[in-house]
Amino acid sequence: MKLASQLVLLGLVQLAFPTEDEKTFLWGPYRPNLYFGLRPRIPNSLMTGLMWFGTHDYQSISRTRHACEQDDKLDSYTWTEYDARQGGVQVIQDSANNVKLRTEFFKVPGGEHGGSWAARVKGEPINSHVSSRISTIFYFGLEGLGGLEMETDEDENGIKGEFKLSGSTPELDDFVIRVVDAYALVNHVAGPNNTAFKNGPHTDDFQERIGKTHFIGQPISAGGIWKAKDSILSALIIRAREVISSYQDTETGLPDPSYVLQLPDEAYSGSNLFAVQKIFDGPFQFDVFFESGSSKQKLSSTILDQGVPALVDNYSQRFRSVFPYPSDYDKEKEQSLETFSKAITSNLIAGVGYFYGTSIVNRKFSFEWDEEEDAAQSNAREEEGDEVQPGARLTDPKALLTATPSRSFFPRGFYWDEGFHLLHIGQWDNDFSLEILKSWIDLIDEDGWVAREQILGEEARSKVPQEFQTQVPNYANPPTLTMAVTAFITRLKIVAASKGPSDQDLGLDFGLGSGSQVPLASSTVAATGNKYLDSPEEALSFLKSIYQPLKRHYDWFRRTQRGQIKQYARKARSRTEAYRWRGRSELHVLTSGMDDYPRGPPHAGELHIDLISWMAFFTRTMKEMAGYIGEIDDEITFGEIETATLGNINDESYHVCHKGYLSLFPLFLSLLPPTAPQLGHILDLLRDPEHLWSSYGIRSLSAAHPEFGQGENYWKGAIWVQMNYLVLSALHTTYAAQPGPYQARAKEIYSELRRNIIDNVFKEYERTGYVWEQYDAISGEGKRRQAFFAENIQSYSHYVFSVIHLPDGHH
């Protein structure tokens, strides 16, 4: 079956797979803030979106679904399978409208402009005993140079049959878009025969319009396509008011909503936004085709009928090869855990978005405890001719390909989150993870700064409260991108070792010890996305391309986040390698990623153990990169800085830690040697149920701390899966693997903690249908944003998947 599905995929695309990743990854659901929105990775280009509402009453149009919103109260929306190279399947449960939607997206490579694609929208009642009456609107909007033209003849009463557009842009060249009703025949089973509601009041008055496709074409000003929903619904409502005005007799009543809530069937000259409406009663199905002119291939429903089942089968086969079910876990849970794990991976990758636009930056803002040092840095820049203007200002537009923590709450790039995202994505598709990593690296400016939140463009800003829109160039975030770099180098080492020594493998022993990621499977299926792993030359070229900007970023960290030692006559092994987060307030250190975790009062003399630990890890990563690409002098320098930074971590003369995650950072990042006496104390703290240990995972703050569970209670006890993963990874790769006085203890904690995390997260998933942002420190129940699964299993709880696929404690 595996071979058959692969042959189907190959046959459908006529062996036309392009070799360049920019073509392979050009199209995707790169508008993750929408339930279903496709676009290319091109700054100003074609954008699509799906909207739907119920037609059982007139009020439902005010609850039109489009952008992912918590207030929509959907049961769930999750990608069950998704691969960035082929496409995937999403299932949306909308009980309020009694409809289960299935969206399918299938890439068809070919030609010189990124290939073609096909999409299917399929609906059926959740409760077959209750009516399901749905109006869908699929739109196409074009930003930038180029044009869209309606090829189908206009009709004031709607269109029967296919709706067709033609268009052209400099990047996509010529293309055709078609929307057709789909009458699928898969496995000899006919698809739904789309029907319209015909039994409402005043049916005879609307006979010419019932059952037809309705449309509108509108000219939209530059930068306005993201507001397509407002423009489209405004035109629909204006027409509806005109129609209703003829039915004011209370005895005869209003026409059925499905007869009235229709687009006006008109296309204006110069339109760059076209919307296509279909209205259904019961099950339905329609297809959308984007055909690139240079591919010379006309698409039909057959490509979805055959291609999507083959894609799903291929995905499952490859998933089992890349992520085999752990041998130590309950066999009876294999199917349910595999379904859970596939959804986690699919939602993470399908949640990757492409963003383009300006951001807001204030280069002069400082809190009072940062003013003196910030002013000194500002003066230094001005002396070099870089005059800094006060106040918040728009930057030049930039582009970013990034995973997103949450499709409704946080549909944008977050530095702190992205390193964790890329660890998981890289295990599935190494090359796609590097595309994303490179996109982030490209944001590093001349000073070496990259904003911790990437709020690019008006659409992104519309989801962010105004007080959080402005970014400050002295503010950092944990440099988690370095974890993605280290993971890539580790994968290179694993692949090189599996091939045995050769001339090409020379120089691939990077001294990484045992800190390897889960080995990639060697089968053909599992090898997808490994161009950089299979070619040492490609890997070297990539690392060289990101080395200088990453080094500039590293230097920025050392310059702007420097802490004070000699100014306060502190005793330390290094007088330079100490750091503190800039941009903290009285109660929050948002820049640290652990927002409300207890700290001392803000002061220019603070030092932060978490940032010092991150800088040691960053330095180690730079040392490894420098050695690999042949920057020997840099490698020596980074080694000296690493030694100095680690020395200050071991020097406790100036650290005051509130027991919790902050206390564990030297363990999180494997910075302590296995023989360090501090390790024993940390393991004791970690395993103590009076402090951090629970049956559900490691708490963020000691249960004995006076602020435990108090106030905002975000990082004051709650269990965060990604931090527990850091513990498990460090235990598995370092402290349980290498000889030392605490090795047996590390193995014991590793096995027990791994089991606790998997059992609790999966239990809560089965109980609620969601993976949660965090888990209660006492009960283990899911907390905060449940939609982190319904929308997108991103953020941090996707790391339970990586916990599942860590080896058991006996390996």
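Asn713 lies in the loop between helix 17 (677–687) and helix 18 (721–735); helices (H or I, at least four residues) and strands (E, at least two) are DSSP runs, numbered from the N terminus. Asn713 has a positive phi of about 55°, although it is not a glycine. With a relative accessible area of 16%, Asn713 is buried, where buried means under 20% relative accessible area, exposed over 50%, and partly exposed in between (1.4 Å probe, protein chains only).

Before I continue, a word on the source. This is a predicted model, in which local features need pLDDT of at least 70, side-chain atom pairs count only at pLDDT 80 or more, and totals for chains, interfaces and linings use all residues. Residues are numbered from 1 along each chain as its sequence is written, and side-chain values use heavy atoms, with hydrogens and water left out.

The pLDDT is the predictor's confidence in each residue, from 0 to 100. Its mean for the chain is 86, and 84% of the residues reach 70 or more. Over residues 10–19, however, the pLDDT is below 50.

Asp265 also has a positive phi, of about 60°, and is not a glycine. Asp265 is found in the loop between helix 4 and strand 15 (266–267). At 5% relative accessibility, Asp265 counts as buried.

Let us turn to helix 3. Its 17 residues (228–244) should span 24 Å at 1.5 Å a residue, and the end C-alpha atoms are 24 Å apart, which agrees; the expected span is 1.5 Å times one less than the number of residues. Which residues of helix 3 are buried? They are Ala228, Ile232, Leu233, Ala235, Leu236, Arg239, Ala240 and Val243. The buried residues of helix 3 pack against several elements, including strand 8 (133–142) and helix 4 (257–260).

Finally, consider strand 5 (residues 87–94). Seven of its eight residues are buried, so strand 5 is largely enclosed by the rest of the structure. Strand 5 pairs with strand 4 (residues 76–83) in the antiparallel sense over seven bridges; two strands pair if DSSP finds at least two bridges between them. Strand 4 and strand 5 form a hairpin with three residues between them. Eight bridges join strand 5 to strand 6 (residues 99–108), and these two run antiparallel. They too form a hairpin, with four residues between them, and Asn98 in the turn has a positive phi of about 50°.

Methods: Contact = heavy atoms within 4.5 Å.
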